[in-house]
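The sequence and the structure are shown first.

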Amino acid sequence: MNEQNVIYGINGPVVTVRNSHSFSMTEMVYVGEERLVGEVIGITSELTTIQVYEETTGLRPGEPVVGTGSPMNVTLGPGILDNIFDGIERPLKAIEEESGSFISRGSSVSSLDENREWAVTLRVKPGDKLNGGDIYAVCPETPIIEHRFMVPPALSGVVESVKPDGNYKIHDVIAVLRDENGNTHDLTLCQKWPIRTPRPVKERLQTTLPLITGQRVIDTLFPVAKGGTAAIPGGFGTGKTMTQHQLAKWCDADIIVYVGCGERGNEMSQVLEEFSELVDPKSGRPMTDRTVLIANTSNMPVAAREASIYTGVTLAEYYRDMGYHVAIMADSTSRWAEALREISGRLEEMPAEEGFPAYLPSRLSEFYERASMCVNLNGSDGSVTIIGAVSPQGSDFSEPVTQNTKRFTRCFWALDKALAYARHYPAINWTESYSEYFIDLDPWYTEHLGEDFVKYRRRISQLLQEENKLMEIVKLIGSDVLPDDQKLIIEIARVIRVGFLQQNAFHQEDTYVPLEKQREMMRVILHLYRKARQLISASVPISNILQTGLFDKLVKMKYDIPNNRLDMFDEYTAEIDKLLADLVAA
């Protein structure tokens, strides 16, 4: 070890080394006698600045700093799924067995279980030509997910030898590859990848497939595409975490990566408990069989919080490269931005708006740009969809993190405190939210659900906007002065809001709603509106129409009609026609 590589100064998670020229930018280092994990974030001719990912209490000047020669990276291999990691991919279950309920500093537990054996099936034979990303072996990582072992992206060559099918540990060599220069490379069951470097792909594709969530307000009014980005901003208590839980359980992604970034410890423990109890509706297996949890609570070191979302998106890209559709839930990017602000302050950098560093927009864009629908190096299709929660203080959407997130996401699900307190779930405000994926996704909706779906959605949106304008008048002078046709808009909008947009996460038929049922619900609501408007134009008072009870019945149809009994909607339209025809006859 170079004698000069010792700690010169300590300022919270920021450590400096003086007169050292042996480190490189973003290199992973071990700091102090306890070998705390750190990363080089600044180099001058005099000082090397290191960001330490563990608690620095008790660290002293003069303690050694040792370089690793490689950037901050994660280990990729079987055993990632059904695991819980901290922000720098240390397995919390294994650490608990070693040091108890609290993480000891300098813990050197391997990210993946090095003693566990996996039932590996080889896919190649000697003489085969392999390129980066090609699959050379597989194993069942969980009962529902097959792990595919891929050649590292920068490597290519001819297979020189392979082991027979059997049980192997992650560091066992199962094949040997000889490159064009004659050098041999061992292929094991794991590989390393730097967390700040996106994994390469062959081609990025246009986002043309929706991420189907079963949540009506999202699927119908504000859809997000596979490989797309979405933001869920909302103040305290508006249901950001609850919404992400529901998306994680029901969306049609193959694998879920949930990053708890700077959240409260009790909330994070609730997440862990709930995920362990959830049953995957697609397979009937526990949800954890296709879920990765990264827990970095608010009392954990602030620098590790900054790294956690990069760790999460790197794991997501790894499974995307296997050909899976992955959804990553980042909860919340505001806490991550606060970690950036704290570290920036320690570095004495010039602050920008509200004290955040000037590079906040570029860091947010780096993160969200890693979402993609793409053709992988091995020719398979895969996607990473990023859904980031934002926690603006006081529900102020004009603060820097929310505003910069809007620049880099194409879907914005604004949570409303008034809706949340009124028990309207999901509390997504339909006037402030938007989606820019309609042009990309409408062809898919038209092909699979018919042209009517898109027409219904546009008409529903128009009615909600008209109601919003009318309610401004109602607040000033009351609803009695409105003509009947405008009163009808307010009544049908109530049916849309309560009967369609509001959803019960604990009701068997309403927690997840297929797109076909969503289309039929819109059809019946708009059928009632169209028929009622005809009656009003024929001078039938709206009070008479309301007395039929049809509006209240349509509010409850989400519960009364099972998801597999779409034929019952025809009975509703027939009843609407009959009761309204009776009104005309009377």
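Which residues does Thr 207 touch, not counting residues up to four places away in sequence? In this predicted model, the contacts of Thr 207 are Ala 225, Lys 226, Gly 227, Gly 228, Met 373, Arg 410, Tyr 437, Asp 440 and Leu 441. With Asp 440 there is a polar contact between the two side chains, at 3.4 Å. Lys 226 lies 19 residues from Thr 207 along the chain, and their C-alpha atoms are 6.4 Å apart.

Thr 207 sits in the loop that runs between strand E18 (203-205) and helix H2 (216-221). Thr 207 counts as buried because its relative accessibility is 10%, and the cut-off for buried is under 20%.

The whole structure contains 32 salt bridges. The table lists three of them.

| Salt bridge | Closest N to O distance |
|---|---|
| Arg 123 and Glu 146 | 3.7 Å |
| Lys 553 and Glu 575 | 2.5 Å |

The pair of Lys 553 in helix H15 (residues 550-555) and Glu 575 in helix H17 (residues 568-585) links distant parts of the chain, 22 residues apart. Lys 553 is partly exposed at 31% relative accessibility, as is Glu 575 at 28%. Salt bridges with shared partners also join Glu 39, Arg 196, Glu 306 and Arg 363 into one network.

Asp 452 and Lys 455 both belong to helix H11 (residues 451-477); they are 3 residues apart, so about one helical turn separates them. Asp 452 counts as partly exposed at 35% relative accessibility, and Lys 455 counts as partly exposed at 49%.

Definitions and conventions: Residues are numbered from 1 along each chain as its sequence is written. This is a predicted model: local features need pLDDT of at least 70, side-chain atom pairs count only at pLDDT 80 or more; totals for chains, interfaces and linings use all residues. Side-chain values use heavy atoms; hydrogens and water are left out. Helices (H or I, at least four residues) and strands (E, at least two) are DSSP runs, numbered from the N terminus. Buried means under 20% relative accessible area, exposed over 50%, partly exposed in between (1.4 Å probe, protein chains only). Contact means heavy atoms within 4.5 Å. A polar contact is a pair of N or O atoms within 3.5 Å; within protein, one must be able to donate a hydrogen and the other to accept it, and residues adjacent in sequence count only if both atoms are side-chain atoms. A salt bridge is a side-chain nitrogen of Lys or Arg within 4 Å of a carboxyl oxygen of Asp or Glu.
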